[in-house]
Amino acid sequence: MALKQKGSAAAAAADGNKRRRVGFAGIDAGTEANDCMQVFIARNSDDVGSEDSISLEPFDLNHFFGEDGKIYGYTDLKINVWISAISLHAYAEISFKETSDGGKGITDLKPVLQNIFGENLVEKDELLETFSKECDYISDVVKNGTPIKHYASDEDDLAVEIVRVELQGAAAFLYSRLISLVLLLVEGSTPIDITEHGWEMLLVVKKAALESSASKYQLLGFAAFHHFYRYPESTRLRISQILVLPPYQGEGYGRCLLESINSIAESENIYDVTIEDPSDYLQYVRSSIDCLRLLTFEPIKPALGDMILSLEGTNLSKRTGSLTMAPPTDLAETVRLKLKINKKQFLRCWEILIYVHLDSEDRKCIDNFRACIYDRTKGELLGGASGTNGKRLVQMATSFDEESSFAVYWTKEGADSDDQTVEQQPEDLKTQEEQLNELVENQIDEIVEVAKNVRSRGKDKLTA
């Protein structure tokens, strides 16, 4: 880590000879980390120190710097960090014009950067040396793994492989170096406990273009997943982290990782596959993949066809009870047994598949679909068709979103509701309805986005 103070000693001496004026400075407003810090990927030694190298876009650097996300005590602060694509070590260069305590102290940057990059944080000379000394670092991990998929690039005929490794030894050491990228690029992420038995990784690697290249392999992305026991004698598979490095995003490698994990689950008769706190985009990719798998899954076709006919031929605008688009109870178990899709994910895909087969220009049909989503959402929040089960939806102002935050609470069964519930005024009921409709619209928007992708990628399956 290098510290550079802008300006010269001569200029500082000249300033010292000038008559100083007495004044009162305002309280230091601080600088947001997002405004003064940049992170780059260095693919070779020439990239180190260059702002023309590949820039990363961390989801939020502010949260590393205290509650308000600000850095205090610096003028014209600039923090540039370069991460080696070869060894994943990092070098930080810090420059500023001057430091002064403006009432909030002077932020100590070193422990914050060490908290992000850990032992990966090194001096510039050490980082430069890694491009020659650790050029086989990724290769050593790959050769101890098991290749499970191969892809060929149409442009340069370079092989891309997905390699399966147990999270121990060299692979565990590799993951420890990947943690800083996970913290920077995956919102809400925390390091996994690699000392716990049952962890594995899938690595997406690409063979170097030239034999003379410093490293034989480039790391494009990875997924970490865990096998855990399910009573009485089966194993579930949970995906904990999945990341494609920014220079290689948008090329389908995340989809390849998910498809590979699905293949492992099917071939090894895993109970089912789940994902721990998936991001919105990861859920979008996952649902697209699972819907495409289900399009050709024969056991669901009769029930799916019956549901579509029901929505197309019925007017549900004047319904008197709650509606449901739920599949037959045994179908979720059949899907889990054959495709290893868990029940919650299957129910999500079921609604998407129904929408995929509907005519988006048929207003009555789409209104019927929305009515079913509305009743399902209302039932989940406030209770089933037989009543609300004592549940109430109440608006609550929070610092996150004062206008659209709410809480659900319910009374004890058999208790006196007059003692436990708050009388809802007409305006409360109106607000509740508005919030419910907003939730429904958000869910339908998500369904529509996945359906578009499924229709585009599954044209041959839809016409078959």
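Tutor: Strand β7 (residues 78-84) and strand β8 (residues 90-96) run antiparallel to one another and are joined over six bridges, where two strands count as paired if DSSP finds at least two bridges between them. Within this pair, Asn80 stands opposite Glu93 of β8. The model is a predicted one, in which local features need pLDDT of at least 70 and side-chain atom pairs count only at pLDDT 80 or more, while totals for chains, interfaces and linings use all residues. Residues are numbered from 1 along each chain as its sequence is written, and side-chain values use heavy atoms, with hydrogens and water left out.

The pair belongs to an open sheet of five strands, whose order is β1-β8-β7-β3-β4 and whose pairing is mixed. At its edges lie β1 (2-5) and β4 (54-55), each of which pairs on one side only. In general, strands of a sheet pair through backbone hydrogen bonds, either parallel or antiparallel.

Around this sheet, the protein chain has 15 helices and 17 strands, taken as DSSP runs numbered from the N terminus (helices H or I of at least four residues, strands E of at least two). Of its 464 residues, 45% are buried, that is, under 20% relative accessible area with a 1.4 Å probe and protein chains only. Among contacts (heavy atoms within 4.5 Å) between residues at least 6 apart in sequence, 69% join residues at least 24 apart.

As for nonpolar cores, these are sets of buried Ala, Val, Leu, Ile, Met, Phe, Trp, Tyr and Cys residues joined through side-chain atoms within 4.5 Å. The largest has 80 residues, of which Ile83, Phe117 and Leu174 touch the most other members. Its largest share, 10 residues, comes from helix α6 (residues 170-185). Leaving aside residues up to four places away in sequence, Leu174 touches Leu88, Tyr137, Ile138, Val141, Met201, Leu203 and Leu219. Apart from this core lies another, of 44 residues, which includes Met307, Phe346, Val440 and Ile447.

To return to the sheet, then: β8 sits between β1 and β7 in the strand order, and β7 between β8 and β3, with the antiparallel pairing of β7 and β8 spanning six bridges.

Notes: Buried < 20%, exposed > 50% of the residue type's maximum accessible area, 1.4 Å probe, protein only.
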